[in-house]
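Me: Hi! Could you walk me through a structure?
Reply: Happy to, here it is.

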Amino acid sequence: MRKTMSALISALALAVATLPAAAKDKLTVYTYESFTAEWGPGPQVKKAFEAECDCEVDFVSVADGVALLNRVKLEGAATKADIVLGLDTNLTADAKASGLFVPHGTTPALDVPGGWNDDTFVPYDYGYFAVVYDTEKLKTAPASLKGLVEGDVSQKIAIQDPRTSTPGLGLLLWVRSVYGDKAPEAWAKLKNRVLTVTPGWSEAYSLFTKGEAPMVLSYTTSPAYHMIAEKTDRYQAASFSEGHYLQVEVAGVTTTGAKNPLSGKFVAFMTSPKFQDVVPETNWMFPAGKMDKPLDPAFETLVKPAKTLAFSPEEVAKNRKAWVDEWLTVMSK
């Protein structure tokens, strides 16, 4: 009898041990490809938040930030995204108008240029768009946007598409903020210097580092990567006399995410040092919140814009389609 009971207990123990583990709560975050790359912030952010929440984070990536908004709008209320991370202030008014995002309900401590007052979106980093150039291929970089537009057409630049990419949209708005209604004429000149227009930042920057073009649209902070990770100052950002266009990257909770308690926890986590410490040396941008460690001294050597350029989210929302259409008309000729 004892042998029978012992065998039964052993069998039950084995059965319990082989039962599938209970499914963990899941948070689905839509973001852009460079965020989820093995060298991007995604892997470290995922590991740190999962350790804190005992949950599973599922990153779903698309080419770039504008494509993020396009996808969520296409999916509508049926979207699986709890959080959309990777929009910027040039898209927030459009995103709010979609009705697919809810107030974040937090009061995070933030430090971004111009301050922050938005009840729907929370910033996680910021930076300034810049033309990054290869000093071994380009001895004299353009010193202004005008210099880029009117410079040597044999010296090419890789840029991004404003219909899919936040840097691409940033350049469109940068040109518009400097040239105003004469932006189409500026693009007609600049297009002769454009090697290619890529869907997102990653593709353009990869072409640049492979030597396909001596210049690329990126950020004033991009050289910090090469200085810190590669120990080289070969790649530098050109300082433009007209100033540089500001980008503040944000995340928002969707109407789907409003039903998931993990959404609020992630937004709070995003502005904490555990997330912010990861940003500068993986996303290569400035942190929007408090860090527990100082920035690498390389960040102090970067281009400091003489002037910060930016349209309001509302102005971008009002004019984005018309300005993109203008760009498309010029670039397709």
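This is a predicted model: local features need pLDDT of at least 70, side-chain atom pairs count only at pLDDT 80 or more; totals for chains, interfaces and linings use all residues.

Me: Where is Thr256?
Reply: Thr256 is in the loop between strand E10 (244-254) and helix H11 (261-270); these elements are DSSP runs, numbered from the N terminus (helices H or I, at least four residues; strands E, at least two).

Me: Is Thr256 buried or exposed?
Reply: Thr256 counts as buried because its relative accessibility is 19%, and buried means under 20% relative accessible area with a 1.4 Å probe, protein chains only (exposed is over 50%, partly exposed in between).

Me: And what does Thr256 touch?
Reply: Leaving out residues up to four places away in sequence, Thr256 touches Ala77, Thr79, Lys80, Ala81 and Asp82, with contact meaning heavy atoms within 4.5 Å. A polar atom of the Thr256 side chain lies 2.8 Å from the backbone oxygen of Thr79.

Me: Switching topic, how many aromatic pairs are there in the whole structure?
Reply: The search finds 25, pairing rings of Phe, Tyr and Trp (its six-membered ring) if their centres lie within 6.5 Å (planes under 30 degrees apart are stacked, over 60 edge-to-face, the rest tilted).

Me: Which residues do ring pairs link into a cluster?
Reply: That cluster holds Tyr32, Phe35, Phe49, Phe59, Tyr124, Phe266, Phe269 and Phe275.

Conventions: Residues are numbered from 1 along each chain as its sequence is written. Side-chain values use heavy atoms; hydrogens and water are left out. A polar contact is a pair of N or O atoms within 3.5 Å; within protein, one must be able to donate a hydrogen and the other to accept it, and residues adjacent in sequence count only if both atoms are side-chain atoms.
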